[in-house]
Amino acid sequence: SDVVNIQLSKDFIRIEIYNQLGSKVFSVDPSRNKLLQLNTAGYPAGNYLVRFVNSEGNTFTKRIVITR
């Protein structure tokens, strides 16, 4: 499937996705949504970093791998 579901358990003010070269390819303010559905159809295969930023400025990073 070309959709990645991200279930949010905390309040994040921003979610950013970076490609292997460190370029930001996606950014969203999820507001109060607890489920983010990311359509990856336009993304080439590879590793991506998903950066979560909370209201206190703390960041959390997770890696996703897109294969084709």
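**View 1. Y18 stands opposite L49 in β5.** This is a predicted model, in which local features need pLDDT of at least 70, side-chain atom pairs count only at pLDDT 80 or more, and totals for chains, interfaces and linings use all residues. Residues are numbered from 1 along each chain as its sequence is written, and side-chain values use heavy atoms, with hydrogens and water left out. Strands β2 (residues 12-18) and β5 (residues 46-54) run antiparallel and are joined by 6 bridges. E16 has R51 as its bridge partner in β5. Strands (E, at least two residues) are DSSP runs numbered from the N terminus; two of them pair if DSSP finds at least two bridges between them.

**View 2. β5 and β6 form a hairpin.** The two strands are separated by 4 residues, and G57 in the turn has a positive phi of about 90 degrees. Strand β6 (residues 59-66) runs antiparallel to β5, with 8 bridges between them. F52 is partnered by F60 in β6.

**View 3. An open sheet of 4 strands has the order β3-β2-β5-β6, with antiparallel pairing.** β3 (24-28) and β6 are the edge strands, each pairing on one side only. On average, neighbouring strands of this sheet are turned by 20 degrees against each other, direction ignored (axes are lines fitted to C-alpha atoms; angles run from 0 to 180 degrees between N-to-C directions).

**View 4. T40 lies in the loop between β4 (35-39) and β5.** T40 counts as buried because its relative accessibility is 3% (buried means under 20% relative accessible area, with a 1.4 Å probe and protein chains only). Beyond its neighbours within four places in sequence, T40 is in contact (heavy atoms within 4.5 Å) with D2, V3, V4, I66 and R68.

Notes
Buried means under 20% relative accessible area, exposed over 50%, partly exposed in between (1.4 Å probe, protein chains only).
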